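Take a look at the model below.

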Amino acid sequence: MTTKQLVEQIEGEASVYFDTDDEKVVFSTIAFPHFRGMENILKGKNALDALVITPRVCGICGHAHLMACVRAIEDAYKNAGESVVLSKKAENIREFTVVMEIIQNHLKWIYFVLLPELYKRSDSKQTSYPLKGAFGASLATKAIALLGGQWPHSSYMVPGGITCDPTYIEILQAQGFLEELIAFFEKESLGVALDDFLAYETCKEFAQGDADIAKIEAYLLQLGMHEKGLAYDRFIVLGKHQFSRQSKIKQTRFFSVDSKYVSTVESFSPNEKTFARNALYKDEYYEVGSLSRMMSLQIPLIKNIHRRYKDSAYSRVMARVYEVAHLMKHVKELLSEVRIDENSFNKPAPIETLTASGVGIVEAPRGPLIHKIDIEKGMIKNYEIITPTQWNIGSSNKNKLTPVQKTMQGHSKTDALFIFRTFDVCSVCTTH
Amino acid sequence: MHSKQEAKPRLVWIQGVTCNANIHSFLNLPTLPSLLSKLNMLYHPSLECSHTLQEITQLEIACDVLIFEGTYDPLLKRNDVLIADVVKHFAQEAKYVVALGSCASFGGIFKASAPKRNSGLIFNEKESFGPLLESQKKVINLSGCPVHPEWLGYTLNMIINKKEILLDELHRPLELYSHLAHHGCTRNEYFEWKVDAKEFGLKEGCLFYEQGCRAPMTHASCNKILWNEVSSKTRAGTPCFGCTEPDFPRNNLFSTQTNMSIPQDVPLEIPKRAYLTMTGFAKTFSIKRLEGKLIDYKTTR
Amino acid sequence: MARISKEERKSTIISVALKLFSERGFYITTIPDIAEKVGMSVGNFYNYFTSKDILAKELVLFISEYLGKSIQKINEEDVSTEEKVYKIVTMYFDMADHKPEMIEYFLRVYLSNREVFGEDCKGMLCVSPFVTEMMIFFDDGVAKGELHNQDFFSAFGLFMGYLGGMVFLFGENILPEPLSEYKTSISQNIFNALKTRS
């Protein structure tokens, strides 16, 4: 029989339908029932207006949408033979704010979703403090706002650069917030210094102390999550950044990637109307997000985790936790490299003169985010958005399961729902 | 000290067609923990609360404050229950209904998802329209895309402290929306002397003449109560898009609509003739300090 | 006999000065010349204007305000932009006909002796009422969809340069017909040049 489970706290909701046999999930489908029609809203507007509209796809990762959008428009310029020159400063600041958004996302996920769920699942007497996540996230967003004006919903990236013109004061303030954030993360989450944590080589080292990371790891093991929630052991990273590497990984073998092989198909959702489509690469499903990105960097600790526990729920969760530390270190360096005497903005040709198509890809908190734009004399003729959750949380028929469907198969419904959450699902993005 | 849970206002936070940004904006509020301790959170989509969505959509309990985030779509369902019924149920007993963000206030971005049926709770853009017209007296519109965390903090604290909130004709609190986004902008002197920003990416110059800035026509205290406590769009060189006004989102957001080089819209309630006269005078003078860069990192070494 | 008010006396000086300056030229005309023509002592004249340069500047303001007020009246009428063009042209030519000294002063003194006006009349300072009304006229026309949206000075130059040129030809007695004969064709030319392009 099929039972329905409403999943909340995933930036909206989703319905998961389970077919079970002897209490074990044999098949599942997923529906995202809330339509918004962002792509239609964009049609006929000035292409630059997409820089304001598309961040509003998502309240938690709108900045990633902004960057995907500006990259798509810049790609269109390039395809029309018009050069758009970005200063190193503009590139670094863009990267900085996008990474800070990923950090705030992960901190919220750890404290709002993961820890309460782990405590609940293991009948722990521990109290969870979701607002810890909000506090850490607010430090990250302050640093974004110093350069982007505000978070959420900044539109400070424009074709040719960024709108801000920071002095050392803003850079120093941003560094200050970052340092405070790192100190908070070390004290509350890691229990050790950031550099010491990043130097871990095996997952045995997580168990030190009683900081939140140690608890997370212990509960994951207790729930057997190191043996559950395995997908295809196939990963993909499509966005070009300094903090990960564009690649396709099958088990441990690396391949190059080209976004032209990305396609979407209609979801299989017999029980409820869904507004999501599944994303594939060369007709195959891949896992995207933190685990894929950390895999792409061949970090010893991640390799160790993967060797032991493959692409289990444990690996997925711990890679996300690790990524926070990795990104903090990365942005610290990034910010110190910003040269404020460089131009923030190099004016491109007027948008009205542009008739071309472009693709913009970034690594959003949950994985590759793709924006495709067709521009005719500066106006949007067509706009397409493919979000990370469309990769991980597709809903397909039994012949070709999506990553999430595969991970939930064979487990109890309770375990399956926990595994579902380990992907860090974003409902609003999925039904853009 | 512990206060009795019963004495605290019971709050339910429901979502229409939304992007969740009002939640994430609210999570930036520095005083969030103390504010939440003064509320009895029955339901919230992200924060800790006493009920699940399934439970509250039984429509059996009541609340004192209903927060509605997102565009109102009468056909939208949450947990298979029409949001129209959910809103009607909770609004009935609530003393206050907060329409959170421009979507809930006026329709906002997601009005365009279904333009013929979507609206705010008591306004469709600036026309009276929506499901709560009959009880509009209890509706407080907190427009903004998203709402500023302090604006919601102010509103909830006023309710908790049983203070009267004065509203403008669009039901927005006067203390938050009688200012213009222009007030407190670091580029004010450039506006006064009509020196435009030559392009993006400069701290110098006003964004009103070329880049589409709506701050002088937009009711919002963004440059008085800074975003994330540190900045604002205009401070970061981004034009104000007028996101707190009923006509958001307008078109061509990064350019100023001009008629023969004359701005089509001039600062709020200033007669165009007066504005143009002042502009003409101000433009006559070339003020060296305002023409150049404030700091030239390339040559000042 | 009723006593002449200070304001009336001032406006007499302005009107006399305009005539003398435009007929004889700015440098040749002296304050005693003006005082004599008005019928006042030179000493008394200085109670009204403390120098010839200040008088010169006041005259520009006077003309600009006169033009501004006349165009404002037209701007406030509920008629099409095409008709407004005709009315502005008519107003301007009537002024050239009946008060030629005003336009003569503007063209021959103000525009030709900028050194006299200096900092005090920089940019828009002395001509603001007039230019502002032309801005309102253009802005209205574009907002109504009747005029092509273009750079202000390109449009302003076409309109006012054309009228100034015609008045110059008229003043030089080159025009075969009276100015009023040209109102219709010139209005049409201006409107055709500025109207919305399909």
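The paragraphs below take these parts in turn.

This is a predicted model: local features need pLDDT of at least 70, side-chain atom pairs count only at pLDDT 80 or more, and totals for chains, interfaces and linings use all residues. Residues are numbered from 1 along each chain as its sequence is written, while chains are lettered from A and ligands numbered from 1 in the order in which they are written.

Start in chain A. An open sheet of 3 strands runs in the order β1-β2-β3, with antiparallel pairing. Strands are DSSP runs of E, at least two residues, and helices are runs of H or I, at least four, numbered from the N terminus. Two strands pair if DSSP finds at least two bridges between them. β1 (2-7) and β3 (24-31) of chain A are the edges, each with a single partner strand, so one side of each lacks a neighbour in the sheet. β1(A) and β2 (residues 14-21) of chain A are joined by 6 bridges. A:Val7 stands opposite A:Ala14 in β2(A).

Now chain C. The axes of α1 (residues 6-24) and α6 (residues 100-110) of chain C come within 9 Å and cross at roughly 50°. Axes are lines fitted to C-alpha atoms, for helices over the stretch in contact, and angles run from 0 to 180 degrees between N-to-C directions. α1(C) and α6(C) are therefore oblique to each other; angles under 35 degrees count as roughly parallel, over 145 as roughly antiparallel, 65 to 115 as roughly perpendicular and the rest as oblique.

Last, the interface. 52 residues of chain B are in contact (C-beta atoms, placed from the backbone, within 7 Å) with 57 residues of chain A.

Key: Two residues are in contact if their C-beta atoms, placed from the backbone, lie within 7 Å.
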